[in-house]
Structure formats: C-alpha cells, structure tokens
Amino acid sequence: MKYLVCDDSKMARKMLIKALKALVGENIEIVEASNGQEAVDIYEQISPEVTFMDLTMPIMSGFDAVKIICEKDKDAKIIVASADIQEGSMAKAKENGALGFIKKPVNEENLKPVLQKLKVL
C-alpha cells in the first residue's frame with residue numbers, strides 16, 4: 001500500500017510515519033509532501049491508498065488540497081491530521097472530502113481507530 005503524508009512540519013511527518021509503520025508494518029511505501037501543492041502533485045503521480053493531510057501549510061492549505069484531490073478522485077481516502085480541532089475546521093475539511101480527523105500529535109492510539117474505520121488495518 002502507498003501512503004502520502006503531507007505536513008509542513010518535518011517532526012509531525014516523522015511522528016505520523018512512525019505510528020503508521022508500527023501499526024501497518026515496515027514494508028509500506030510512504031511518500032512525504034511539505035505543502036498542499038506538493039500533495040496534489042504527488043497524489044496525481046502515485047495515487048496513494050490513504051493520504052494524511054495537515055490543514056495549515058504554506059503555498060496551499062490542506063483545505064484546498066483536500067478539495068482539489070477529492071474533485072479529481074471521488075474515491076480518495078484523506079484523513080486530516082491537525083492541531084486545529086475547531087468544529088468549523090473539521091466541518092470544512094469534511095465538506096471538502098476528508099473522511100476523518102486526527103488530532104495532533106499523531107500516535108498509534110489515535111491513528112488505529114481511523115485506519116480500522118477505513119478498513120486498511
């Protein structure tokens with residue numbers, strides 16, 4: 001399986017990837033992006049099974065990236081991983097096509113139920 005992890009914080013990407021590998025296994029392909037535009041470009045190239053997206057990033061926000069990806073791929077599985085847990089932000093992310101929301105910092109405990117819901121664990 002291919003995963004795309006998009007966050008402008010390298011540390012946040014590392015923490016998410018560590019939790020993902022601990023739950024799913026080491027033999028998965030993970031591609032990283034540091035802003036929404038990179039995520040859109042990479043998504044088109046690799047068609048990941050699951051994408052994890054931060055919301056607040058430079059160049060293009062996660063909100064916009066989620067919307068663009070979901071308009072191009074109706075079957076996209078995008079999970080927002082963000083410290084912004086305001087109701088409005090969560091609602092907007094879901095309106096744009098995100099399937100779930102994880103509060104940062106991401107760890108095995110808060111990642112596992114989301115992966116189970118997507119039936120990838």
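This is a predicted model: local features need pLDDT of at least 70, side-chain atom pairs count only at pLDDT 80 or more; totals for chains, interfaces and linings use all residues.
**Ground rules**

I number residues from 1 along each chain as its sequence is written, and I work with heavy atoms for side-chain values, leaving out hydrogens and water.

**Entry 1: helix H5**

I began with H5, which covers residues 108-117; helices (H or I, at least four residues) and strands (E, at least two) are DSSP runs, numbered from the N terminus. Which residues of H5 are buried? I found Leu111, Val114 and Leu115, where buried means under 20% relative accessible area, exposed means over 50%, and partly exposed lies in between (1.4 Å probe, protein chains only). Those three lie on the same side of H5 because they cover an arc of only 100° around the axis, the arc being that of the directions from the helix axis to the C-beta atoms. I recalled the general rule that an α-helix has 3.6 residues a turn, so residues three or four places apart point the same way. On the other side of H5 I noted Glu109 and Lys117, which are exposed.

I then looked up what the buried residues of H5 pack against, and I listed helix H1 (10-24), strand S3 (50-53), strand S4 (78-82) and strand S5 (100-103). Contact here means heavy atoms within 4.5 Å.

At the N-terminal end of H5 I found a cap by Asn107, whose side-chain oxygen lies 3.0 Å from the backbone nitrogen of Glu109.

**Entry 2: two helix pairs**

I next looked at H1 and H5, which pack at an angle of about 60° with their axes 9 Å apart. Axes are lines fitted to C-alpha atoms, for helices over the stretch in contact, and angles run from 0 to 180 degrees between N-to-C directions. The angle makes H1 oblique to H5; angles under 35 degrees count as roughly parallel, over 145 as roughly antiparallel, 65 to 115 as roughly perpendicular and the rest as oblique. To this contact H1 gives Leu16, Ala19, Leu20, Ala22, Leu23 and Val24, and H5 gives Glu108, Leu111, Lys112 and Leu115.

For the second pair I took helix H2 (residues 36-46) and helix H3 (residues 62-72), which pack at about 20° with axes 9 Å apart. That angle makes H2 roughly parallel to H3. On the H2 side I wrote down Gly36, Ala39, Val40, Tyr43 and Glu44, and on the H3 side Ala65, Ile68, Ile69 and Lys72.

**Entry 3: single residues**

Not counting residues up to four places away in sequence, Thr51 touches Leu4, Tyr43, Lys77, Ile78 and Ile79.

Ala98 sits in the loop between helix H4 (87-95) and S5, and I noted that it counts as buried at 8% relative accessibility. I checked its contacts, again not counting residues up to four places away in sequence, and found Val66, Ile78, Val80 and Ala93. I also compared Ala98 with Lys77, 21 residues apart along the chain, and noted 7.1 Å between their C-alpha atoms.

Ser89 belongs to helix H4 and counts as buried at 10% relative accessibility. Leaving aside neighbours within four places in sequence, I found Ser89 in contact with Leu55, Phe63 and Asp84.

**Entry 4: backbone angles**

I kept in mind that most residues other than glycine have a negative phi, and most peptide bonds are trans. Where is there a cis peptide bond? I found it joining Lys104 and Pro105, with omega of about 0°, and Pro105 lies in the loop between S5 and H5.

I noted a positive phi near 70° for Ile59, a residue other than glycine. Ile59 lies in the loop between S3 and H3 and is exposed, with a relative accessible area of 73%.

Key
A polar contact is a pair of N or O atoms within 3.5 Å; within protein, one must be able to donate a hydrogen and the other to accept it, and residues adjacent in sequence count only if both atoms are side-chain atoms.
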